Amino acid sequence: MILADFLVEQWLNPMDSKAEHNLGTSCVRAMTMDELFRVTNQDEDAFLEEMRTMSLHYHHGDSTGSPRIKKAVAGIYPRSNVSPDHVMMVHGGTGANDIVIMGLLEKGDNIVVVKPTYQQHYDIPKSIGIETRIVQLKEEDDYLLNMDTLRKTVDKNTKLIALSNPNNPTGATLYEEDLRELVEIAKSVDAYILCDEIYRGLDETYMSSILDYGYDKAISVSSMSKMFSMAGTRIGWIVTRDEAAYRNFENRRSYNTICCGIVDEVISSIALENYEKVWERSRNILLPNKEIVYNWVKTQPHLSLRGDAKGTTCLVRYDYNISSTELAVDAMEKAKILVCHGACFDEEPAFRIGYGGYTDQDKLRASLDAFSSYLKTLENR
Ligand SMILES: Cc1ncc(COP(=O)(O)O)c(C=O)c1O
(Lines give C-alpha, C1' and ligand atoms only; values in the text may rest on other atoms or scores of the structure.)
Protein backbone atom coordinates (compact mmCIF):
# COMPACT_ATOMS: atom_id res chain seq x y z
CA MET A 1 0.00 0.00 0.00
CA ILE A 2 1.47 3.34 -1.02
CA LEU A 3 0.22 6.17 1.10
CA ALA A 4 1.20 9.67 -0.07
CA ASP A 5 3.12 11.88 2.34
CA PHE A 6 0.63 13.83 4.46
CA LEU A 7 2.05 17.21 3.50
CA VAL A 8 0.17 19.57 5.76
CA GLU A 9 0.83 17.52 8.90
CA GLN A 10 4.46 16.82 8.00
CA TRP A 11 5.06 20.53 7.51
CA LEU A 12 3.14 22.08 10.38
CA ASN A 13 3.73 19.68 13.24
CA PRO A 14 7.52 20.11 13.46
CA MET A 15 7.39 23.84 12.60
CA ASP A 16 4.58 24.88 14.93
CA SER A 17 6.83 25.37 17.96
CA LYS A 18 9.73 26.85 15.95
CA ALA A 19 7.81 29.71 14.35
CA GLU A 20 8.03 33.23 15.68
CA HIS A 21 5.13 34.28 13.50
CA ASN A 22 2.56 31.54 13.37
CA LEU A 23 0.25 32.09 10.43
CA GLY A 24 0.17 28.38 9.77
CA THR A 25 -2.08 26.87 12.38
CA SER A 26 -5.67 25.92 11.62
CA CYS A 27 -6.55 25.71 15.32
CA VAL A 28 -8.04 28.47 17.40
CA ARG A 29 -5.54 29.35 20.13
CA ALA A 30 -5.57 26.43 22.58
CA MET A 31 -7.24 26.90 25.92
CA THR A 32 -5.56 26.02 29.19
CA MET A 33 -7.55 24.01 31.72
CA ASP A 34 -7.97 27.20 33.73
CA GLU A 35 -9.43 29.00 30.75
CA LEU A 36 -11.78 26.12 30.02
CA PHE A 37 -13.13 26.35 33.55
CA ARG A 38 -13.46 30.12 33.30
CA VAL A 39 -15.17 30.13 29.90
CA THR A 40 -17.63 27.43 30.93
CA ASN A 41 -18.18 28.55 34.56
CA GLN A 42 -17.25 25.18 36.04
CA ASP A 43 -16.58 24.30 39.62
CA GLU A 44 -12.93 23.26 39.53
CA ASP A 45 -13.08 21.55 42.93
CA ALA A 46 -15.99 19.35 41.91
CA PHE A 47 -14.08 18.37 38.78
CA LEU A 48 -10.95 17.50 40.75
CA GLU A 49 -13.01 15.43 43.16
CA GLU A 50 -14.47 13.51 40.21
CA MET A 51 -10.97 12.93 38.85
CA ARG A 52 -9.68 11.64 42.18
CA THR A 53 -12.21 8.85 42.41
CA MET A 54 -12.53 8.00 38.73
CA SER A 55 -11.70 4.46 37.67
CA LEU A 56 -9.03 4.39 34.99
CA HIS A 57 -10.42 1.32 33.29
CA TYR A 58 -10.96 1.35 29.49
CA HIS A 59 -14.40 2.89 29.63
CA HIS A 60 -17.38 3.13 31.88
CA GLY A 61 -20.05 1.02 30.28
CA ASP A 62 -20.18 2.11 26.66
CA SER A 63 -16.98 1.71 24.66
CA THR A 64 -18.21 4.06 21.91
CA GLY A 65 -17.99 6.94 24.38
CA SER A 66 -19.27 7.87 27.82
CA PRO A 67 -23.03 8.54 27.94
CA ARG A 68 -22.15 12.07 29.03
CA ILE A 69 -19.98 12.92 26.04
CA LYS A 70 -22.25 11.23 23.51
CA LYS A 71 -25.18 13.28 24.80
CA ALA A 72 -23.07 16.44 24.66
CA VAL A 73 -22.00 15.76 21.07
CA ALA A 74 -25.61 15.13 20.01
CA GLY A 75 -26.36 18.52 21.55
CA ILE A 76 -24.26 20.42 19.02
CA TYR A 77 -26.60 19.24 16.25
CA PRO A 78 -29.85 20.74 17.59
CA ARG A 79 -31.63 20.82 14.22
CA SER A 80 -31.02 17.20 13.33
CA ASN A 81 -32.78 14.34 15.00
CA VAL A 82 -29.64 12.60 16.16
CA SER A 83 -29.52 10.97 19.56
CA PRO A 84 -26.51 9.89 21.63
CA ASP A 85 -26.90 6.44 20.06
CA HIS A 86 -25.84 7.89 16.72
CA VAL A 87 -22.60 9.29 18.15
CA MET A 88 -19.28 7.44 18.25
CA MET A 89 -16.22 8.93 19.92
CA VAL A 90 -12.96 8.38 18.07
CA HIS A 91 -9.36 9.54 18.03
CA GLY A 92 -9.62 13.05 16.58
CA GLY A 93 -11.01 14.15 13.25
CA THR A 94 -8.20 12.16 11.65
CA GLY A 95 -9.47 8.99 13.32
CA ALA A 96 -13.00 9.81 12.23
CA ASN A 97 -12.10 10.37 8.57
CA ASP A 98 -9.97 7.25 8.48
CA ILE A 99 -12.63 5.02 9.99
CA VAL A 100 -15.36 6.31 7.69
CA ILE A 101 -13.31 6.07 4.49
CA MET A 102 -11.71 2.71 5.27
CA GLY A 103 -14.96 1.36 6.64
CA LEU A 104 -17.19 2.20 3.71
CA LEU A 105 -15.14 1.84 0.54
CA GLU A 106 -14.77 -1.46 -1.26
CA LYS A 107 -13.43 -2.63 -4.61
CA GLY A 108 -15.69 -1.36 -7.40
CA ASP A 109 -16.80 1.73 -5.49
CA ASN A 110 -15.75 5.23 -6.29
CA ILE A 111 -15.44 8.20 -3.97
CA VAL A 112 -16.13 11.75 -5.09
CA VAL A 113 -13.98 14.25 -3.23
CA VAL A 114 -14.55 17.99 -3.20
CA LYS A 115 -11.10 19.54 -3.43
CA PRO A 116 -9.13 21.33 -2.05
CA THR A 117 -9.68 19.61 1.24
CA TYR A 118 -7.88 17.74 3.98
CA GLN A 119 -5.59 15.23 2.31
CA GLN A 120 -7.06 12.21 4.08
CA HIS A 121 -10.19 12.54 1.96
CA TYR A 122 -8.43 11.67 -1.30
CA ASP A 123 -5.14 10.02 -0.46
CA ILE A 124 -6.51 7.34 1.87
CA PRO A 125 -8.95 6.04 -0.77
CA LYS A 126 -6.25 6.25 -3.46
CA SER A 127 -3.90 4.22 -1.26
CA ILE A 128 -6.33 1.30 -1.20
CA GLY A 129 -6.96 1.41 -4.94
CA ILE A 130 -10.34 3.12 -4.86
CA GLU A 131 -11.30 5.21 -7.87
CA THR A 132 -11.09 8.77 -6.56
CA ARG A 133 -12.98 11.38 -8.53
CA ILE A 134 -12.25 15.02 -7.87
CA VAL A 135 -14.64 17.95 -7.98
CA GLN A 136 -12.44 21.01 -7.93
CA LEU A 137 -13.53 24.20 -6.18
CA LYS A 138 -12.70 27.22 -8.27
CA GLU A 139 -11.39 30.61 -7.33
CA GLU A 140 -13.86 32.30 -9.69
CA ASP A 141 -16.74 30.63 -7.80
CA ASP A 142 -15.33 31.89 -4.50
CA TYR A 143 -14.55 28.22 -3.87
CA LEU A 144 -18.21 27.31 -3.52
CA LEU A 145 -19.20 23.89 -4.75
CA ASN A 146 -20.73 23.78 -8.21
CA MET A 147 -23.65 21.40 -7.82
CA ASP A 148 -23.96 20.71 -11.55
CA THR A 149 -20.39 19.50 -11.65
CA LEU A 150 -21.00 17.31 -8.63
CA ARG A 151 -24.16 15.91 -10.19
CA LYS A 152 -22.27 14.99 -13.34
CA THR A 153 -19.43 13.38 -11.40
CA VAL A 154 -21.39 10.94 -9.26
CA ASP A 155 -22.74 7.68 -10.62
CA LYS A 156 -24.27 4.46 -9.36
CA ASN A 157 -20.88 3.26 -8.07
CA THR A 158 -20.33 6.34 -5.96
CA LYS A 159 -20.32 5.04 -2.40
CA LEU A 160 -19.15 8.22 -0.73
CA ILE A 161 -19.01 11.96 -1.34
CA ALA A 162 -16.40 13.64 0.87
CA LEU A 163 -15.97 17.31 1.67
CA SER A 164 -14.96 19.68 4.44
CA ASN A 165 -17.55 22.29 5.36
CA PRO A 166 -16.43 24.96 6.23
CA ASN A 167 -13.70 24.17 3.77
CA ASN A 168 -10.07 23.69 4.63
CA PRO A 169 -8.13 25.64 3.28
CA THR A 170 -10.43 28.24 1.69
CA GLY A 171 -13.00 28.66 4.47
CA ALA A 172 -15.77 28.60 1.84
CA THR A 173 -18.97 27.35 3.42
CA LEU A 174 -22.14 25.74 2.14
CA TYR A 175 -25.36 26.70 3.88
CA GLU A 176 -28.86 25.34 3.92
CA GLU A 177 -29.87 25.56 0.27
CA ASP A 178 -26.62 24.07 -1.01
CA LEU A 179 -26.56 21.36 1.62
CA ARG A 180 -30.08 20.34 0.67
CA GLU A 181 -29.00 20.06 -2.94
CA LEU A 182 -25.92 18.10 -1.96
CA VAL A 183 -28.13 15.67 -0.06
CA GLU A 184 -30.43 15.35 -3.10
CA ILE A 185 -27.45 14.51 -5.32
CA ALA A 186 -26.17 11.90 -2.84
CA LYS A 187 -29.66 10.45 -2.55
CA SER A 188 -29.96 10.15 -6.34
CA VAL A 189 -27.11 7.58 -6.31
CA ASP A 190 -27.64 6.29 -2.77
CA ALA A 191 -24.23 7.54 -1.65
CA TYR A 192 -23.01 8.33 1.82
CA ILE A 193 -21.80 11.85 2.54
CA LEU A 194 -18.71 12.36 4.68
CA CYS A 195 -18.96 15.95 5.80
CA ASP A 196 -15.98 17.03 7.86
CA GLU A 197 -17.46 19.79 10.02
CA ILE A 198 -14.44 20.41 12.20
CA TYR A 199 -14.54 24.17 11.42
CA ARG A 200 -18.27 24.61 12.05
CA GLY A 201 -19.26 27.25 14.60
CA LEU A 202 -17.87 30.62 13.55
CA ASP A 203 -21.18 32.32 12.76
CA GLU A 204 -23.19 33.97 15.50
CA THR A 205 -26.32 32.52 13.97
CA TYR A 206 -26.92 28.80 13.62
CA MET A 207 -24.59 27.02 11.16
CA SER A 208 -26.12 24.09 9.36
CA SER A 209 -24.83 20.56 9.61
CA ILE A 210 -25.15 17.88 6.95
CA LEU A 211 -27.22 15.96 9.52
CA ASP A 212 -30.01 18.55 9.37
CA TYR A 213 -31.70 17.34 6.21
CA GLY A 214 -33.15 13.99 7.18
CA TYR A 215 -30.72 11.89 5.13
CA ASP A 216 -29.62 8.80 7.05
CA LYS A 217 -26.52 8.33 4.92
CA ALA A 218 -25.20 11.74 5.96
CA ILE A 219 -22.19 11.45 8.26
CA SER A 220 -20.78 14.34 10.23
CA VAL A 221 -17.25 14.10 11.58
CA SER A 222 -15.61 16.63 13.82
CA SER A 223 -13.34 17.02 16.82
CA MET A 224 -12.17 19.18 19.70
CA SER A 225 -9.18 20.44 17.71
CA LYS A 226 -10.29 23.59 15.92
CA MET A 227 -13.36 25.50 17.10
CA PHE A 228 -13.05 23.92 20.55
CA SER A 229 -9.36 24.85 20.96
CA MET A 230 -8.51 21.53 22.59
CA ALA A 231 -6.54 19.61 19.96
CA GLY A 232 -4.41 17.87 22.58
CA THR A 233 -7.38 15.96 23.94
CA ARG A 234 -7.43 14.01 20.65
CA ILE A 235 -11.18 13.62 21.00
CA GLY A 236 -13.19 13.40 17.80
CA TRP A 237 -16.47 11.90 16.72
CA ILE A 238 -18.55 10.38 13.97
CA VAL A 239 -22.30 10.94 13.90
CA THR A 240 -24.64 9.03 11.64
CA ARG A 241 -28.17 7.67 11.82
CA ASP A 242 -27.31 4.86 9.42
CA GLU A 243 -27.26 1.72 11.56
CA ALA A 244 -25.24 -0.47 9.18
CA ALA A 245 -22.57 2.20 8.81
CA TYR A 246 -22.50 2.75 12.57
CA ARG A 247 -21.92 -0.95 13.20
CA ASN A 248 -19.25 -1.07 10.52
CA PHE A 249 -17.41 1.91 12.07
CA GLU A 250 -17.76 0.45 15.53
CA ASN A 251 -16.10 -2.77 14.39
CA ARG A 252 -13.21 -0.97 12.67
CA ARG A 253 -12.79 1.21 15.72
CA SER A 254 -12.39 -1.92 17.85
CA TYR A 255 -9.33 -2.73 15.75
CA ASN A 256 -7.66 0.66 16.01
CA THR A 257 -9.04 2.54 19.01
CA ILE A 258 -11.05 0.35 21.45
CA CYS A 259 -12.09 3.51 23.28
CA CYS A 260 -10.99 7.10 23.69
CA GLY A 261 -9.04 8.44 26.64
CA ILE A 262 -11.50 8.58 29.49
CA VAL A 263 -9.92 11.64 31.10
CA ASP A 264 -9.96 13.43 27.73
CA GLU A 265 -13.63 12.57 27.39
CA VAL A 266 -14.45 14.22 30.71
CA ILE A 267 -12.58 17.40 29.84
CA SER A 268 -14.10 17.49 26.37
CA SER A 269 -17.58 16.93 27.77
CA ILE A 270 -17.29 20.17 29.71
CA ALA A 271 -16.53 22.10 26.52
CA LEU A 272 -19.19 20.29 24.48
CA GLU A 273 -21.90 20.87 27.07
CA ASN A 274 -21.04 24.55 26.87
CA TYR A 275 -20.31 24.65 23.15
CA GLU A 276 -21.99 28.00 22.62
CA LYS A 277 -19.66 29.65 25.13
CA VAL A 278 -16.59 27.97 23.70
CA TRP A 279 -17.56 28.86 20.13
CA GLU A 280 -18.17 32.43 21.26
CA ARG A 281 -14.61 32.56 22.60
CA SER A 282 -13.38 31.26 19.23
CA ARG A 283 -15.53 33.74 17.36
CA ASN A 284 -14.12 36.60 19.45
CA ILE A 285 -10.64 35.54 18.45
CA LEU A 286 -11.34 34.70 14.82
CA LEU A 287 -13.53 37.52 13.55
CA PRO A 288 -11.27 40.48 14.35
CA ASN A 289 -8.23 38.50 13.23
CA LYS A 290 -9.86 37.58 9.97
CA GLU A 291 -10.59 41.24 9.28
CA ILE A 292 -6.96 42.14 9.95
CA VAL A 293 -5.77 39.44 7.55
CA TYR A 294 -8.26 40.39 4.82
CA ASN A 295 -7.28 44.06 5.12
CA TRP A 296 -3.62 43.16 5.05
CA VAL A 297 -4.04 41.17 1.84
CA LYS A 298 -5.60 44.27 0.23
CA THR A 299 -2.39 46.19 0.95
CA GLN A 300 -0.27 43.60 -0.85
CA PRO A 301 0.06 44.18 -4.61
CA HIS A 302 1.07 40.57 -5.33
CA LEU A 303 -1.62 38.83 -3.28
CA SER A 304 -5.29 38.13 -3.80
CA LEU A 305 -8.01 36.50 -1.80
CA ARG A 306 -11.46 35.35 -2.87
CA GLY A 307 -14.54 34.35 -0.92
CA ASP A 308 -15.58 34.82 2.66
CA ALA A 309 -13.81 32.38 4.95
CA LYS A 310 -15.99 30.91 7.69
CA GLY A 311 -13.43 28.63 9.26
CA THR A 312 -10.02 29.44 10.68
CA THR A 313 -8.06 29.73 7.44
CA CYS A 314 -8.11 31.35 4.02
CA LEU A 315 -6.28 30.65 0.80
CA VAL A 316 -4.18 33.50 -0.56
CA ARG A 317 -2.94 33.50 -4.15
CA TYR A 318 0.25 35.25 -5.24
CA ASP A 319 2.11 36.15 -8.39
CA TYR A 320 5.71 35.87 -7.22
CA ASN A 321 8.05 33.68 -9.21
CA ILE A 322 8.44 30.97 -6.58
CA SER A 323 6.72 27.70 -5.82
CA SER A 324 4.57 27.60 -2.72
CA THR A 325 6.81 24.98 -1.10
CA GLU A 326 9.91 27.08 -1.64
CA LEU A 327 8.11 30.15 -0.32
CA ALA A 328 6.98 28.42 2.87
CA VAL A 329 10.40 26.89 3.56
CA ASP A 330 12.22 30.14 2.77
CA ALA A 331 9.89 32.29 4.92
CA MET A 332 10.45 29.91 7.81
CA GLU A 333 14.21 29.74 7.36
CA LYS A 334 14.80 33.44 6.82
CA ALA A 335 12.14 35.05 8.99
CA LYS A 336 10.60 32.31 11.18
CA ILE A 337 7.25 32.95 9.54
CA LEU A 338 5.04 29.90 9.33
CA VAL A 339 2.48 29.64 6.54
CA CYS A 340 1.15 26.53 4.92
CA HIS A 341 2.08 26.12 1.27
CA GLY A 342 -0.68 25.65 -1.25
CA ALA A 343 1.07 22.48 -2.44
CA CYS A 344 -0.32 20.78 0.68
CA PHE A 345 -3.70 21.14 -1.03
CA ASP A 346 -2.51 20.91 -4.66
CA GLU A 347 -3.17 24.65 -4.90
CA GLU A 348 -0.42 26.57 -6.67
CA PRO A 349 0.68 29.36 -6.45
CA ALA A 350 -0.95 29.98 -3.10
CA PHE A 351 -0.52 29.71 0.64
CA ARG A 352 -2.95 29.18 3.46
CA ILE A 353 -3.08 31.65 6.31
CA GLY A 354 -4.51 30.50 9.61
CA TYR A 355 -5.74 33.42 11.69
CA GLY A 356 -6.85 31.67 14.87
CA GLY A 357 -3.49 31.45 16.59
CA TYR A 358 -3.37 34.97 18.02
CA THR A 359 -5.32 36.34 20.96
CA ASP A 360 -3.27 39.54 20.78
CA GLN A 361 -4.10 41.45 17.63
CA ASP A 362 -0.97 43.59 17.84
CA LYS A 363 1.07 40.41 17.61
CA LEU A 364 -0.92 39.29 14.59
CA ARG A 365 -0.28 42.68 12.97
CA ALA A 366 3.43 42.39 13.78
CA SER A 367 3.53 38.95 12.16
CA LEU A 368 1.84 40.25 9.04
CA ASP A 369 4.30 43.16 8.95
CA ALA A 370 7.14 40.68 9.14
CA PHE A 371 5.52 38.71 6.34
CA SER A 372 5.18 41.89 4.22
CA SER A 373 8.91 42.50 4.63
CA TYR A 374 9.67 38.93 3.66
CA LEU A 375 7.40 39.10 0.61
CA LYS A 376 9.20 42.24 -0.58
CA THR A 377 12.34 40.14 -0.95
CA LEU A 378 10.52 38.04 -3.56
CA GLU A 379 9.74 40.94 -5.87
CA ASN A 380 12.85 40.76 -8.01
CA ARG A 381 13.11 37.03 -8.43
C1 LIG B 1 -10.68 19.31 7.75
C2 LIG B 1 -9.88 18.64 8.82
N3 LIG B 1 -10.27 17.46 9.29
C4 LIG B 1 -9.59 16.81 10.24
C5 LIG B 1 -8.45 17.36 10.79
C6 LIG B 1 -7.71 16.59 11.84
O7 LIG B 1 -8.01 17.05 13.09
P8 LIG B 1 -7.79 16.28 14.46
O9 LIG B 1 -6.79 17.09 15.20
O10 LIG B 1 -9.11 16.30 15.11
O11 LIG B 1 -7.34 14.90 14.17
C12 LIG B 1 -8.00 18.60 10.34
C13 LIG B 1 -6.76 19.20 10.89
O14 LIG B 1 -6.22 20.15 10.39
C15 LIG B 1 -8.73 19.24 9.33
O16 LIG B 1 -8.35 20.43 8.85
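Two residues are in contact when heavy atoms of theirs lie within 4.5 Å. In this predicted model, that rule picks out 34 residues of domain 1 that touch 36 residues of domain 2.

The two domains themselves come from a domain assignment. Domain 1 is made of two stretches of sequence, 7-32 and 277-376, while domain 2 covers 57-274. Between the C-alpha centres of domain 1 and domain 2 the distance is 25 Å.

The size of an interface is often given as the accessible area lost when the parts come together. Here, domain 1 and domain 2 bury about 3000 Å² between them, and carbon and sulfur atoms account for 51% of that area. On the side of domain 1, the residues that lose the most area to domain 2 are W279, R306 and K310, which together make up 27% of what that side buries.

The interface of domain 1 and domain 2 has 25 residue pairs in polar contact, counting pairs with both residues at pLDDT 80 or more. Which elements of domain 1 each supply at least two residues to the side that touches domain 2? They are α1 (7-15), α11 (275-299) and β10 (313-318). Of the elements on that side, α11 gives the most, with 8 residues. The number of salt bridges between domain 1 and domain 2 is 4. A salt bridge is also found between the side chains of K115 and D346, with 2.5 Å from N to O.

The cysteines come next. A disulfide is a covalent bond between the sulfur atoms of two cysteines. How many disulfides does the structure hold? The count is 0. C260 takes part in no disulfide, and the nearest cysteine sulfur, in C259, is 6.9 Å away. C260 is buried, because its relative accessible area is 7% and the limit for buried is under 20%. For C340, the closest cysteine sulfur is that of C344, at 3.8 Å. The two sulfurs are too far apart for a bond, because a disulfide requires them to be within 2.5 Å. C340 is buried as well, with a relative accessible area of 0%.

A last stop is E204, in the loop that runs between β6 (192-196) and β7 (218-223). Is E204 buried or exposed? E204 counts as exposed because its relative accessibility is 72%, and the limit for exposed is over 50%. E204 and L305 are separated by 101 residues in sequence, and their C-alpha atoms are 23 Å apart in space.

Methods: Residues numbered from 1 in each chain as written. Predicted model: local features only at pLDDT ≥ 70, side-chain atom pairs only at ≥ 80, totals over all residues. Heavy atoms only, no water. Buried < 20%, exposed > 50% of the residue type's maximum accessible area, 1.4 Å probe, protein only. Helix = DSSP H or I, 4+ residues; strand = E, 2+ residues; numbered from the N terminus. Buried area = accessible area lost by both parts, 1.4 Å probe. Polar contact = N/O pair within 3.5 Å; in protein donor to acceptor, adjacent residues only side chain to side chain.
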